Amino acid sequence: MLSLPNILTLSRILAVPILLFLLWPGVVEGGHQPKPIDYGFAFGLYCLMGLTDYFDGYVARSRGIVSRLGAFLDPIADKIMIAAVILLLVFTRDIEGYHVVAALMILLREIIVSGLREFLATLQVSMPVTQLAKWKTTFQLIAFGALILAGALPEMAWIKTVGLASLWGAAVLTLITGWDYLRVGLKHMD
């Protein structure tokens, strides 16, 4: 149970409250927006969380220590991280206006696909992750990382532009991959 991959996955879950604290507006007395230093620490933590996401699976597969607990916790850790970052970035208005639609599409897809995977698991039908879904995840990671980094470096407006463009790229891929998964799931429903 306490294998290195599982510890890495659990660390990702436990890092979410720290990320929340760093990006919570008003933590600093009289503050309405996190300070650039807070965004900087949050960016470092976010990168660390991304690395643990990669290494927990890599270590588990390379050492042959894939566990049921890890298979259960890894997607949960991913969803918690994604949902928390989306909600925080909307709350801090780093994602605002019509860009919230892209963030909402990503969040809804995560919830729908999770429910669909759970439903199909009861039928013993697996839904492997597609290459396109991996690209969607890559765009998401870049988008959220860039949007957090933009708060640390507000004078470099192009970073936020990259973040928002990547957010929309992830949203488009979210629609495509979400539809692919839904189409497979509908074949198994009454």
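**Aromatic contacts, salt bridges and annotated segments**

Tyr54 and Tyr58 both lie in helix 2, 4 residues apart, about one turn of the helix. Helices (H or I, at least four residues) and strands (E, at least two) are DSSP runs, numbered from the N terminus. The model is predicted; local features need pLDDT of at least 70, side-chain atom pairs count only at pLDDT 80 or more, and totals for chains, interfaces and linings use all residues. Residues are numbered from 1 along each chain as its sequence is written, and side-chain values use heavy atoms, with hydrogens and water left out.

The structure holds 5 aromatic pairs. The ring centres of Tyr54 and Tyr58 are 5.9 Å apart and the planes meet at 10°, so this pair is stacked. Rings of Phe, Tyr and Trp (its six-membered ring) pair if their centres lie within 6.5 Å; planes under 30 degrees apart count as stacked, over 60 as edge-to-face and the rest as tilted. Ring pairs also bring in Phe55, giving a cluster of Tyr54, Phe55 and Tyr58. Tyr58 is partly exposed, at 42% relative accessible area. Buried means under 20% relative accessible area, exposed over 50%, and partly exposed in between (1.4 Å probe, protein chains only).

Leu48, Leu51, Tyr54, Phe55 and Tyr58 make a nonpolar surface patch of about 530 Å². Leu48 lies in helix 2, which covers residues 36-63. Patches are made of residues with over 30% relative accessible area and no salt bridge; like charges are joined within 9 Å, and nonpolar side chains (Val, Leu, Ile, Met, Phe, Trp, Tyr) within 5 Å. Accessible areas come from the Shrake-Rupley method with a 1.4 Å probe; for residues, only the protein chains shown count as cover.

Tyr58 is partly exposed. The rings of Tyr98 and Trp168 have centres 6.2 Å apart and planes at 35°, so that pair is tilted. Tyr98 sits in the loop between helix 3 (68-91) and helix 4 (99-122), and Trp168 in helix 6 (residues 157-186), so the pair ties together parts that are 70 residues apart in sequence. Tyr98 counts as exposed, at 58% relative accessibility. Trp168 counts as partly exposed, at 27%. Val101 lies in helix 4 and is partly exposed, with a relative accessible area of 44%.

Arg117 lies over the face of Tyr181, at 5.1 Å from the ring centre. A charge sits over a ring if NZ of Lys or CZ of Arg is within 6 Å of the ring centre and within 35 degrees of the ring normal.

A search of the whole structure finds 8 salt bridges. A salt bridge is a side-chain nitrogen of Lys or Arg within 4 Å of a carboxyl oxygen of Asp or Glu. Glu110 takes part in a bridge with Arg109, whose closest N and O atoms are 3.8 Å apart. Arg109 and Glu110 are buried. Glu110 also meets Lys136 in a salt bridge, at 2.9 Å from N to O. Lys136 lies in helix 5 (residues 131-152) and Glu110 in helix 4, so the pair ties together parts that are 26 residues apart in sequence. Lys136 is buried, as is Glu110.

In helix 6, Arg183 and Asp180 lie 3 residues apart, about one turn of the helix. Their side chains meet in a salt bridge of 3.5 Å, N to O. Arg183 is partly exposed, with a relative accessible area of 41%. Asp180 is partly exposed too, at 27%. Salt bridges that share partners join Arg12, Asp53, Asp56, Asp74 and Asp78 into one network.

The unreviewed UniProt entry places the feature "transmembrane region" at residues 40-59, 71-91, 97-116, 137-159 and 165-182. UniProt positions follow the numbering used here, feature names are shortened, and annotations may be inferred rather than shown by experiment. Over residues 97-116 the chain is 90% helix and 0% strand, with end C-alpha atoms 30 Å apart. Over residues 137-159 the values are 83% helix and 0% strand, with end C-alpha atoms 19 Å apart.

Arg93 has a phi near 65°, a positive value in a residue other than glycine. Most residues other than glycine have a negative phi. Arg93 lies in the loop between helix 3 and helix 4 and is exposed, with a relative accessible area of 57%.
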